[in-house]
Amino acid sequence: MHYYGNETIMSLEQVLRLKPSEIRILEWVRTYEFLENRYGIDEPVPFFLDIRCEEEGVRIRKNRITTFPDFECEEERMFPEIEEALELFRQWAEEILAKTENV
């Protein structure tokens with residue numbers, strides 16, 4: 001886990017264990033653009049996710065990396081409660097992990 005300005009950057013595996021209270025404290029979490037393979041080597045991942053507490057609610061985004069560091073937002077959702085947002089956020093993380101395991 002790393003901190004960059006006011007955002008916290010963590011692995012896809014770490015976001016699967018995030019608790020709503022942790023997101024309230026951290027306010028903005030996103031995943032790394034890389035994933036460590038079974039040999040300990042970082043490989044690029046086609047997506048990164050972010051979840052952010054805002055005045056209007058909790059925003060989550062799935063971003064497709066085009067040419068690093070450029071990206072496009074593929075899907076964005078706003079939720080009134082962290083618990084709802086976190087459920088979909090974890091689902092997206094699981095989908096990305098499943099795709100990278102099959103490559």
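Two strands pair if DSSP finds at least two bridges between them. Strands (E, at least two residues) and helices (H or I, at least four) are DSSP runs, numbered from the N terminus. With that in hand, welcome to the tour.

Before you click, note that this is a predicted model, in which local features need pLDDT of at least 70 and side-chain atom pairs count only at pLDDT 80 or more, while totals for chains, interfaces and linings use all residues. Residues are numbered from 1 along each chain as its sequence is written, and side-chain values use heavy atoms, with hydrogens and water left out.

**Stop 1: the strands**

Select residues 57-65 and 71-79. These are strand 7 and strand 8, which pair in the antiparallel sense over eight bridges. They form a hairpin, with five residues between them. Show Val58, and you will find it opposite Phe79 of strand 8.

To see one of the bridges, pick Phe47, whose partner in strand 7 is Arg64. As you look along the strands, remember that in a regular strand the side chains alternate between the two faces of the sheet.

**Stop 2: two rings**

How many aromatic pairs does a search of the whole structure find? One; rings of Phe, Tyr and Trp (its six-membered ring) pair if their centres lie within 6.5 Å, and planes under 30 degrees apart count as stacked, over 60 as edge-to-face and the rest as tilted. Select Phe48 and Phe71: they are edge-to-face, at 5.0 Å centre to centre with 80° between the planes.

Buried means under 20% relative accessible area, exposed over 50%, and partly exposed in between (1.4 Å probe, protein chains only). Phe48 is buried at 7%, whereas Phe71 is partly exposed at 39%.

**Stop 3: helix 3**

Move to residues 82-101. Helix 3 has 20 residues and reaches 28 Å from its first C-alpha to its last, close to the 28 Å expected at 1.5 Å a residue (1.5 Å times one less than the number of residues). Colour its buried residues, among them Leu86, Phe89, Trp92, Ala93 and Ile96. An α-helix has 3.6 residues a turn, so residues three or four places apart point the same way.

**Stop 4: a loop residue**

Zoom to Glu27, in the loop between helix 2 (20-26) and strand 3 (28-31). Is Glu27 buried or partly exposed? It counts as partly exposed, at 48% relative accessibility. Its phi is near 70°, a positive value in a residue other than glycine. Most residues other than glycine have a negative phi.
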